[in-house]
Amino acid sequence: MSKLTAQGSSLISTMAINDNKAGMEGLNKEKINQIIFEASKGSKFFENEQKKEEQLNQKILEQQILISSLSSAMLFHGLKEADELIEKLKACQDLSHTIVHVDMDAFYAAVEMRDDPRLKDKPMAVGGMSMLSTSNYIARKYGVRAAMPGFIALKLCPNLVLVEPNFTKYTAVSQEIREIFAQYDPNFSPMSLDEAYLDLTEHLIYRRGSSNLCRIFLLRLKTDNSSIVVNDLECTCNLNAVLRPSVINLEELKINSVSSENLQEYLNSLDFSNFNLPKDCQVCNKKLPPFSLKLYDTTVEDAVLEMRNRIEQRTFLTASAGIAPNTMLAKVCSDRNKPNGQFQIHPDVQEIEEFMKNLPIRKISGIGKVTEKLLGSLNISLCSDLYKQRALLYHAFSSLTFQYFMKITLGMGSTSLEKDEERKSLSTERTFAEISDPAQLYEKCAELCQHLAKDLNEEQLMGKTVSLKIKTISFEIKTRSHTLQCYTNDEKIIFNAAKQLLKVEIDSVKQSLLRLRLMGVRMSKLVPQASNQVSIVSLFHQSNRLTSTASRTNTHNFNIQKTDFDEKDFSTSINILEANDPVLESTMTTRHSQKSLFQKTQSPQKKSIESGMKNSIMKFVSKSERCSDKIANNCYVESNIKVENNNNLRNLDCENSSSTSLKLQSNSKSNFSNAAMQNVSQATLISSVESKQKTFISCPVCGQQKFDWPLDQLNQHMDLCLSRKTIKTILQDDKNSNKRGAVQVENDDSLPSVPKRKKTQIAVDSYFK
DNA sequence: TACATACAC
DNA sequence: AATGGTGTATGTA
């Protein structure tokens with residue numbers, strides 16, 4: 001392995017090919033690594049990789065030192081802690097879910113091969129000279145794989161055909177497979193265009209009670225065993241959409257008279273030329289292809305096989321799937337029989353344990369090349385080794401990472417598919433031929449900011465923290481960030497911040513040039529632009545002791561003064577606000593009931609507003625909590641100063657150019673939420689100060705007061721306060737009930753369920769009616 | 001809050 | 001000649 005060159009450089013372990021990916025088994029790794037090495041050595045990229053490798057080796061060394069310093073007592077302690085954790089984890093192991101991970105085989109490459117049969121028997125990859133997205137299985141035999149630059153791939157495989165990516169096409173195919181996913185789990189969780197997690201638990205219950213007819217699907221007859229051969233004259237529409245309904249409705253089918261055991265045999269014996277079926281597709285008018293009928297069982301295996309077959313019938317592409325009690329295992333399983341296969345781990349502790357025993361840690365999602373090497377230095381390469389070395393791991397890693405490792409050895413993972421949370425950041429970055437001229441660097445920065453602002457506007461988002469990312473021509477990456485005083489998605493404000501961050505970097509390399517190969521800008525701390533004023537008003541309205549001076553200080557040009565609202569008539573104030581919100585306005589006119597109003601206010605953005613508000617509130621509260629009894633007054637003064645300062649900073653941040661202040665005015669809504677938070681914070685603080693003796697925090701949402709509230713309790717309480725149920729209750733009960741304490745936990749099951757996260761719009765056809 | 005690192009796709 | 005872009009999580013200071 002330690003092949004040395006004349007230059008004294010050697011292969012970099014983290015750069016070497018790994019046989020981790022499917023289709024990479026049994027190839028000449030030695031030779032491949034040598035070619036990669038020869039093609040890379042001496043480049044700036046390679047030098048940077050070497051530097052990173054050295055850093056990693058240093059880290060390993062430090063880790064070794066730490067470990068050798070552990071006394072046996074400490075090791076024993078680590079063992080004890082590990083075993084206790086393991087017991088706890090085992091106690092809450094949940095094997096009741098059936099999670100499936102579906103992954104299209106060599107997706108982009110497969111799409112290109114499908115659409116250009118000339119590629120079918122050739123090694124090919126999707127991407128360009130600098131980077132490949134994916135390769136087909138023929139190319140993988142040569143070591144050509146995703147994330148490899150095209151020019152190196154060509155050295156490995158001179159006959160490699162490179163195909164430019166066509167994302168529009170991949171997105172369209174993705175839409176098709178997602179329609180199928182949705183029929184098995186409407187809440188499926190897509191991870192990318194080509195893969196998704198599904199929770200089949202519910203589906204399987206329905207499935208067991210379903211009639212055989214629901215589980216019969218059409219398969220095109222294959223001449224070839226590997227892939228569907230498409231005849232130019234034949235219809236390539238979704239057979240199970242255009243023809244299946246007619247077939248299933250056939251009088252002659254009479255499957256009820258056939259026993260389940262003999263049904264498949266019976267289906268095979270049917271001759272559809274005798275039946276009254278259309279000869280041509282109603283959609284494309286082409287001839288319908290010959291087909292067979294396949295009956296799928298009620299088991300998971302058959303459910304997943306059915307799904308995969310339907311994907312293939314629809315897209316002419318194959319998928320692989322993994323079935324297991326949690327996402328971590330399902331993901332590993334989907335890789336096991338790739339391509340075009342599936343694998344199941346049954347919900348059985350023994351079986352899971354057996355499976356994990358010989359599983360390389362690198363197969364686990366979340367363990368990459370660095371962690372693999374780090375663990376390798378502790379003689380850990382299999383998942384069972386994580387258990388063997390648990391005493392060491394306890395000391396060598398953070399508590400979170402340690403827990404993660406212990407979960408892995410036990411074969412545990414997430415048993416529910418996370419809800420699509422609001423995005424946390426949005427960014428754009430570009431690699432380019434070296435730029436070192438400051439004017440050109442600023443120009444590039446401006447371009448990126450324009451791009452980012454456009455994206456933010458399209459997503460109806462505003463953010464507070466602007467980050468600049470730069471990569472020098474020697475591949476060193478730096479990020480610099482600045483948090484603004486107000487949320488924005490204004491191009492000029494973003495550029496002003498990014499520009500200053502860039503200036504510092506340009507200035508920091510005195511007497512020489514900042515030579516870059518990449519620049520990027522990112523916006524984080526995001527809030528929805530169509531600010532949900534119901535929630536914000538509820539904050540003002542309900543927050544007690546909100547002084548009118550405090551309200552007016554920061555609202556700028558917002559057209560409604562919060563103090564104008566009649567405290568008693570909460571629903572009225574909401575309506576007024578809504579009528580002033582262009583987004584909500586349109587729904588106001590068509591609104592017939594409280595329900596529709598409610599649904600509107602529960603837009604997907606709602607959640608993040610809540611969490612955004614809560615974060616801001618909590619941040620403040622935690623700050624005020626830190627003020628002890630004695631310095632409560634000082635705290636108040638400091639807070640005033642801080643607000644003043646913020647105003648100054650805001651000017652600095654936002655008034656970068658002559659046109660900006662004007663822009664800001666038209667954008668005043670954006671300031672509102674921020675100003676709102678400050679006011680609320682101030683109000684909360686005032687009440688806190690007025691109480692003099694203790695940190696007296698009143699919930700800014702419901703106004704309920706608590707003495708010395710522990711933060712997590714307040715946090716929890718605010719979750720409830722900000723929840724839709726509560727808001728609905730306020731809407732309904734506002735007039736007759738004035739007691740603040742009424743806003744509490746409720747379990748009104750009659751309420752409509754929370755709309756699920758916004759998923760790709762999918763027409764779910766009536767499967768299992 | 002700022003920054004770096006690791007990771008997935 | 002040539003090694004991506006987007007987003008999340010986590011550790012550290």
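**A close look at the DNA-facing surface**

Modeller: Let's start with strand 11, which gives the most residues, seven of them, to the surface near DNA strand C. "Near" here means that a residue has a heavy atom within 4 Å of the strand. Strands and helices are DSSP runs numbered from the N terminus: at least two residues of E for a strand, at least four of H or I for a helix.

Some housekeeping before we go on. This is a predicted model, so local features need pLDDT of at least 70 and side-chain atom pairs pLDDT 80 or more, while totals for chains, interfaces and linings take in all residues. Residues count from 1 along each chain as its sequence is written, chains are lettered from A and ligands numbered from 1 in written order, and side-chain values use heavy atoms, with hydrogens and water left out.

Back to DNA strand C. It is surrounded by 27 residues, and the closest are Ser40, Ser398, Arg423, Thr431 and Arg517. Helix 6, helix 18 (399-409), strand 11 and strand 14 each put at least two residues into this surface. Sorted by class, the surface has eleven nonpolar, nine polar and seven charged residues. The sorting counts Ala, Val, Leu, Ile, Met, Phe, Trp, Tyr, Cys and Pro as nonpolar, Asp, Glu, Lys and Arg as charged, and the others, Gly among them, as polar.

What does the protein touch on DNA strand C, backbone or bases? Of the DNA atoms within 4 Å of the protein, 61% belong to sugar or phosphate and the rest to bases. Ser40 goes for a base: a polar side-chain atom of Ser40 is 2.5 Å from a base oxygen. Thr431 goes for a phosphate instead, with a polar side-chain atom 2.5 Å from a phosphate oxygen. Ser427 uses its backbone, where a polar atom sits 2.7 Å from a phosphate oxygen.

Now for DNA strand B. It has 21 residues around it, with Lys331, Thr371, Ser481, Thr483 and Lys525 coming nearest. Here 100% of the DNA atoms within 4 Å of the protein belong to sugar or phosphate. Strand 13 (477-488) gives the most to this surface, with six residues, and helix 15 also supplies at least two.

The contacts to DNA strand B include several at phosphate oxygens. Gly368 places a backbone N or O atom 2.8 Å from one, and Val370 has a polar backbone atom at 3.1 Å from one. Glu195 brings in a side chain, with an N or O atom 3.0 Å from a phosphate oxygen.

Of its 45 lining residues, the closest to the centre are Thr14, Met15, Ala16, Ala147 and Lys369. A pocket is found on a 1 Å grid over the protein atoms alone, as an open set of points with protein on both sides within 12 Å along at least five of seven lines, and a lining residue has an atom within 4 Å of a point. Elements that give two or more include helix 15, strand 11 (425-435) and strand 14 (516-524). The lining holds 18 nonpolar, ten polar and 17 charged residues.

An automatic or database assignment sets the bounds, giving chain A domain 1 (70-95 + 348-410), domain 2 (99-106 + 165-344) and domain 3 (425-528). The pocket lining draws at least three residues from each of domain 1 and domain 3. Domain 2 and domain 3 have C-alpha centres 46 Å apart.

Definitions and conventions: On a 1 Å grid over the protein atoms alone, a cavity is a set of points where a 1.4 Å probe fits but cannot get out, and a pocket is an open set with protein on both sides within 12 Å along at least five of seven lines; lining residues have an atom within 4 Å of a point. A polar contact is a pair of N or O atoms within 3.5 Å; within protein, one must be able to donate a hydrogen and the other to accept it, and residues adjacent in sequence count only if both atoms are side-chain atoms.
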